[in-house]
Amino acid sequence: MEISANGNHIIGNIEEYQGGQAIEYRFEAAVAATRNWTKVSVAANLRQPFISNTSAPLLFYLGSDVVLFEKNSASLTTKINVSRNFRAPTLNDRYWGDAG
């Protein structure tokens with residue numbers, strides 16, 4: 001199991017931003033786990049972003065690789081993945097003059 005965290009403090013001083021400046025705080029916490037057996041591997045990940053003035057959902061990933069057939073140097077593997085994704089709005093998306 002792996003636990004991680006990441007944080008950023010962003011300051012944008014751009015004339016085109018409404019008010020001339022934008023400040024944003026971003027923090028992210030995540031936990032990930034992988035498990036490998038002879039012909040099956042499974043990976044899971046949970047991640048929660050925290051972004052100032054934005055509501056971000058809990059994100060997940062679950063994936064598996066299964067070896068269906070193996071002979072000499074040839075193999076047939078199936079991969080199954082499901083995830084939830086989120087695109088955080090950029091400072092430009094939120095603060096750029098008439099476009100934000």
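Me: Hey, how many bridges join β1 to strand β2?
Reply: Twelve, and the two strands run antiparallel. Keep in mind that this is a predicted model.

Me: Okay, and which residue in β2 does A5 stand opposite?
Reply: That's A29.

Me: What's the strand order in the open sheet?
Reply: It goes β1-β2-β3-β4-β5, five strands with antiparallel pairing. β1 (2-13) and β5 are at the edges with a single partner strand each, so one side of each has no neighbour in the sheet. From one strand to the next, the twist averages 15 degrees.

Me: What do β4 and β5 form?
Reply: A hairpin, with two residues between the strands. N72 sits in that turn and has a positive phi of about 55 degrees. Ten bridges join β4 (residues 59-71) to β5 (residues 74-83), and F69 has L76 as its bridge partner in β5.

Me: Switching topic: how many aromatic pairs does the structure hold?
Reply: Three. In one of them, Y17 and Y95 are tilted, at 6.1 Å centre to centre with 50 degrees between the planes. Y17 is in the loop between β1 and β2 and Y95 is in helix α1 (residues 91-95), 78 residues apart.

Me: Is Y17 buried or exposed?
Reply: Buried, because its relative accessible area is 6%, and under 20% counts as buried.

Me: And why is the pair of Y17 and W96 called edge-to-face?
Reply: Their planes are at 80 degrees, with ring centres 6.2 Å apart, and over 60 counts as edge-to-face. Ring pairs link Y17, Y95 and W96 into a cluster.

Me: How exposed is W96?
Reply: Partly exposed, with a relative accessible area of 33%.

Terms used
Residues numbered from 1 in each chain as written. Predicted model: local features only at pLDDT ≥ 70, side-chain atom pairs only at ≥ 80, totals over all residues. Heavy atoms only, no water. Pairing = 2+ DSSP bridges. Helix = DSSP H or I, 4+ residues; strand = E, 2+ residues; numbered from the N terminus. Axes fitted to C-alpha atoms, helices over the stretch in contact; angles between N-to-C directions. Phe/Tyr/Trp six-rings, centres within 6.5 Å; stacked < 30°, edge-to-face > 60°. Buried < 20%, exposed > 50% of the residue type's maximum accessible area, 1.4 Å probe, protein only.
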